[in-house]
Each structure stands twice: as structure tokens, then as C-alpha cells.
Amino acid sequence: MFLRGQENSEFKTIGYSSSSKVWSNYSAKITEFLAWCDVLSVKINSTDEIRTYTEIDRINFRKVVDKIPLNPIFAVWPSEFFKNNLQYYFESGTTKIEGSIIDLDIKINSGTNNKIEFEVTSQFLSQKMTFDLDHFFKNSGADILWLIDQESGEMVTLADYLNEFPLLFYFQDFTSLRLNEVSSRVAREYALINPDKIETIDWSDTDITAEFDGNKAGKKHIHEKLEEVLNLRAPQILIYDHGSGETADYVLFCEKTDIIEVELYHCKGAGGAKPGSRVGDFYEVCGQSVKSSMYTNVNALKKKLKWRLNSVTTSKFIIGDMTTLNNLYSKNKMFQFKIFAVQPGLSKVDIDSKINELLSATESYIEQGDQLKFRILCSA
């Protein structure tokens with residue numbers, strides 16, 4: 001990026017590149033250049049918080065910490081895993097499994113100031129791991145999950161790979177941790193979710209504690225009800241992709257005059273009494289919403305859906321087929337994305353303050369992207 005600003009009432013320019021080069025566009029004597037370097041050194045090493053009151057302030061800066069923040073709620077794979085479609089190999093006894101690493105889920109089991117315990121899981125495997133600031137990532141289970149290096153074909157343990165390309169841990173206030181560096185929060189403390197982002201439907205015929213099975217007699221489960229609602233929108237494509245490593249529970253494509261709307265729906269059942277105040281019910285659905293923003297890119301989504309529809313038995317077309325989907329992709333129209341967190345246990349008129357703050361942080365994180373919107377689907 002290249003910027004222009006004022007210093008001591010004098011206009012100056014300065015540039016910065018991702019290869020850590022800093023430059024300015026003017027001619028000077030060597031002594032003046034050395035003085036400029038001294039001034040830059042002071043600025044680079046400064047720990048003062050800088051506010052420009054422009055969009056630049058949305059950039060997350062990181063600081064080194066000696067303690068892990070409390071309350072980790074979810075983690076996401078590094079972008080390299082998505083770009084390179086890394087494959088894994090897992091062996092336990094007579095069981096041998098391989099596939100795409102991004103199809104595995106990351107489950108946080110516990111977190112303290114000293115250690116995070118988590119596991120990488122699917123329906124068929126579980127790799128227990130730990131993270132701390134002294135050793136970073138380590139395996140804690142007897143079995144080892146391996147990654148296959150795309151260039152050499154050699155196998156590297158997941159722990160070794162994560163020490164080079166680490167997970168990003170997110171916490172209750174949406175600060176994030178990458179190795180020993182913490183980013184700032186993405187939303188103001190006590191910020192409230194925009195009411196316009198909350199939509200409601202009638203769940204009276206639905207068992208809101210049952211996400212996709214185990215519903216009470218005479219009642220629908222949440223997926224069944226949501227599918228009915230989405231069918232009424234007459235989309236060209238409706239895909240069911242529930243399961244480990246999902247893109248979203250439902251992916252919807254609607255062609256409009258000038259655009260193609262793409263909506264990703266993530267569902268979570270109410271976990272018990274007073275569902276609208278159970279923060280735990282929202283950690284998972286908000287985490288899924290944040291993680292799916294990785295697929296709000298036309299090519300990334302197309303690649304992911306093709307992989308899921310061809311290799312995962314639970315992924316299927318509810319409406320449309322691959323020919324119709326490819327036809328939509330071939331049209332010269334802009335794709336606009338929306339991500340929906342579906343939680344029927346939430347009442348629009350009575351949102352707990354902690355949940356409101358979590359939803360606001362999720363909104364702030366997701367809507368940093370261009371043409372990307374976050375919505376909540378709940379009860380009236």
C-alpha cells in the first residue's frame with residue numbers, strides 16, 4: 001500500500017510491501033536518508049496505539065503475549081490448507097483413512113492461560129493435540145495424523161506442519177491467537193447486533209432442540225423446517241452439505257437480473273432450558289459462520305462443492321444439479337454472498353447481552369469482506 005499524510009504540517013508519502021520493505025518517494029542526501037531511517041526505527045518499535053479514524057483502523061495488528069487468552073471458542077485452518085487442498089493420512093490399528101484435511105473438524109476441549117487442548121476429528125478418526133506458548137503444537141494421542149507434502153510426497157505430522165502454518169484460535173471476544181501473537185478484537189465492547197440483520201420465522205411446528213434428527217413425534221427437526229422455508233424461495237440450486245468439513249448445512253443459489261445471490265446457512269439446535277440465553281449454543285454456529293467466509297469466493301466455493309458432492313455421501317442436491325450449477329457459474333454476473341446463523345432458540349425481542357455481543361463480533365468479522373453480509377435466523 002502507498003499512503004499520503006501530514007507530519008509537522010508537511011505532506012509526505014510512504015509505502016509498505018508484504019516483503020517488509022518501507023519506502024518514500026523523494027530525493028535526499030545520504031545523511032538525510034540515515035536520519036529518515038532513525039525516525040522510521042522509532043515509529044516501527046513504538047507500542048503506542050495509532051488511530052487514523054479511517055478504514056485503515058480495521059486492519060488487525062498483533063502483539064506478542066506470554067499468556068494465552070481465556071475462553072477459546074473455535075479454531076480455523078490456515079489459508080495455506082485451503083489453497084493447496086492438503087491431504088491427510090491416518091492409521092489406527094486396522095483402520096486406514098485419507099482425505100482432505102479441511103474436511104476435518106477442530107474441536108476445542110479446554111483452554112487455560114497455559115494450554116489449549118483440542119482434537120481434530122471426523123466421523124471416523126480423532127487426533128488429540130495440545131497448544132502452548134513454549135512448544136506450540138504437539139500430539140497428545142497415541143495415533144498420529146500425517147499430512148502429505150504436495151511437492152515431495154513425503155509425510156509430515158500434523159503437529160510439525162501446524163508449527164509452520166499454525167491454526168488461528170478465536171476467543172470469546174473475537175480476539176485471535178496465532179502462535180504467540182494476539183490480534184485486537186474486531187468489535188467494540190458492548191456493541192449490539194444491528195436489528196436489521198435479524199430475521200424470524202415461525203418454528204411452532206419444530207422441535208428446536210433437534211438439529212437434524214431425534215425430533216419429538218409430530219414435530220419437524222430444524223433442518224427439515226429450514227429446507228421447507230428455503231424451497232419456498234424457488235432457488236435454482238439448493239445443496240444439503242451437512243457433516244464433518246461442511247461448507248454449510250445448506251447452500252442456496254438464486255439468480256437475479258444482475259446478480260447471483262449465494263447464501264450459506266449454519267444451523268444449531270437449542271441445547272436446553274432457557275435456550276435464548278445459553279451462550280454455548282451460539283459459539284458453534286458463530287464459529288461455523290466465520291469459518292465459512294473462506295468459501296465466499298466464487299472459485300473456492302465451486303471447488304469445495306464439487307469435492308463434497310463427488311466424495312461425501314451426505315452432500316446432495318435438493319434442487320438443481322451439477323449442470324445447472326455450472327451454468328450459473330458461466331454467466332457474466334456478480335456473485336453476492338450472505339452467511340446465515342440459524343438458531344430458533346433465540347428470540348429477536350429478548351437477546352441476552354453476552355449473546356448480543358458475540359453476534360455483533362461475528363457480524364463485524366464477516367462484514368469486513370466486500371459484498372459479504374451476515375444474517376441471523378431465529379424466532380420472533
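## Glu 255 and Lys 331

Glu 255 and Lys 331 form a salt bridge (a side-chain nitrogen of Lys or Arg within 4 Å of a carboxyl oxygen of Asp or Glu), with their closest N and O atoms 2.9 Å apart. The pair links distant parts of the chain, 76 residues apart, since Glu 255 belongs to strand 19 (residues 250-255) whereas Lys 331 lies in the loop between helix 7 (322-330) and strand 22 (334-347). Helices (H or I, at least four residues) and strands (E, at least two) are DSSP runs, numbered from the N terminus.

Glu 255 is partly exposed at 23% relative accessibility, and Lys 331 is partly exposed at 29%; buried means under 20% relative accessible area, exposed over 50%, and partly exposed in between (1.4 Å probe, protein chains only).

## Basis of the model

The model is predicted, so local features need pLDDT of at least 70 and side-chain atom pairs count only at pLDDT 80 or more, while totals for chains, interfaces and linings use all residues. Residues are numbered from 1 along each chain as its sequence is written, and side-chain values use heavy atoms, with hydrogens and water left out.

## Other salt bridges

A search of the whole structure finds 16 salt bridges. In one of them Lys 43 pairs with Glu 7, the closest N and O atoms being 2.6 Å apart; because Lys 43 lies in helix 1 (residues 30-45) and Glu 7 in strand 1 (residues 2-7), the pair ties together parts 36 residues apart in sequence.
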